[in-house]
Amino acid sequence: MIETLVATIEANALIAAFVYVGLILGISNWCARKITHGRIHGSAIAIVVGLLLAYIGGIVTGGTKGLADIAVFSGMAVLGGAMFRDFAIVATAFGAELSALKETGWVGAFSVVLGVVLSFVVGVLVAIGFGYSDPISLTTIGAGAATYIVGPVTGTALGASSDVVALSVAAGLTKSILVMVGTPLVAGRIGLDNPHAAMIYGGLMGTTSGVAAGLAATDPKLVPYGAMTATFYTGMGCLLAPSVLYFAVAWLLG
Amino acid sequence: MIVYGVALLAFCYLVGIYLGGLLGNLLGVDANVGGVGIAMLLLIGLAAWSPVKVQLEPITATGITFWSAMYIPIVIAMAAKQNVLGALSGGWMALLAGTLAVVASFLMIPVLARFGRHDHD
């Protein structure tokens, strides 16, 4: 009986994922109402629950896809994959104000460049603090502090060692997860409550998953604005890190 | 028909991702540059374009707003498939680099937000 149940779930993984997500959101919304009395968004709780489940999944299987590495939960990787995520992000643009997008203009574009350089510099400084001194390793770790995609792309382009590439991915993952959890907590203090600030936030943070979840837990109406600028960040990082930023690091180190 | 809305959304998505890929190739970058953003602008533009606008009856728009509403559930699933263990097992250097990058970026938001507004006044 159990075998048939497991086989049914595994053969219909995506459909099963709808049920799991519905359960997680239902329980989280209940907790938000009854325990926090609406002080914390139900979706913020659900995202933290999702991350905890991902951690448990990682410990149980030793894989890299969190909960989705457990066969009966594999549908979570499809539903939460880049295809559905980006499709839903595009859908949120329906009803977005074009005037708000235009208003931000060059500050939005500037925030993307500044976001990449800022995270990169912080990453490089931390790596120096931990005793790294060769420009390739420093650049790769700095690139990882931008996003977990820019790190390995840069490391591969420059020929960094695999353990340094792994470190850059870990730095990028830390950033992404912290943006998911931290955004709703600091949103009020940093003025993240309007389309203009959301576009700058997207450009500075850059991690698509972090921005997507961070805004979902703060105010879903801001999603299209943050996503608009964040979508240029990884490309900008892949462009700048292995070229201009690498040369700058190499030059500064003599 | 609802499917018209879904089809319009899917069309915008594909065109955007394709153009983002082309832009990446053009820049010699191994990444999609702004594909989602291009798709969003295309959707906003097409939905406001008069021949399409006439077609976008409320029931057709439901095909788009459904996916917009599915955004949060999808993000929950995305959280559940993150490599959280990988982030935590990277050691102190990775944790510190990621954390400080986020703190520095958060601090810059009010600065840039004021900058942009001031420029506009």
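**Helix packing around H12 of chain A**

In this predicted model, helix H10 of chain A passes helix H12 of chain A in a right-handed crossing. H10(A) spans residues 195–205, and its axis lies 7 Å from that of H12(A). The angle between the two is about 35 degrees. On the H10(A) side, the contact involves A:Pro195, A:Ala198, A:Met199, A:Tyr201, A:Gly202, A:Gly203 and A:Met205. These meet A:Tyr225, A:Gly226, A:Ala227, A:Met228, A:Thr229 and A:Ala230 of H12(A). Nine residues of this contact are nonpolar and four are polar. None is charged.

Helix H11 (residues 208–218) of chain A also packs against H12(A), which covers residues 223–230. Their axes come within 9 Å and cross at roughly 170 degrees. H11(A) is therefore roughly antiparallel to H12(A). This crossing, too, is right-handed. H11(A) contributes A:Thr208, A:Val211, A:Ala212, A:Leu215 and A:Ala216. H12(A) contributes A:Val223, A:Gly226, A:Ala227 and A:Ala230. The contact of H11(A) with H12(A) holds seven nonpolar residues, two polar ones and no charged ones.

Beyond these helix pairs, chain A meets chain B. The contact joins 91 residues of chain A to 65 residues of chain B. Helix H9 (residues 162–186) of chain A supplies 14 residues, the largest share of the chain A side. By class, that side has 65 nonpolar, 21 polar and five charged residues.

Conventions: Residues are numbered from 1 along each chain as its sequence is written. Chains are lettered from A and ligands numbered from 1 in the order in which they are written. This is a predicted model: local features need pLDDT of at least 70, side-chain atom pairs count only at pLDDT 80 or more; totals for chains, interfaces and linings use all residues. Axes are lines fitted to C-alpha atoms, for helices over the stretch in contact, and angles run from 0 to 180 degrees between N-to-C directions. Helices (H or I, at least four residues) and strands (E, at least two) are DSSP runs, numbered from the N terminus. Angles under 35 degrees count as roughly parallel, over 145 as roughly antiparallel, 65 to 115 as roughly perpendicular and the rest as oblique. A crossing is left-handed if the near helix is turned anticlockwise from the far one by less than a right angle, and right-handed if clockwise. Two residues are in contact if their C-beta atoms, placed from the backbone, lie within 7 Å. Ala, Val, Leu, Ile, Met, Phe, Trp, Tyr, Cys and Pro count as nonpolar, Asp, Glu, Lys and Arg as charged, and the others, Gly among them, as polar.
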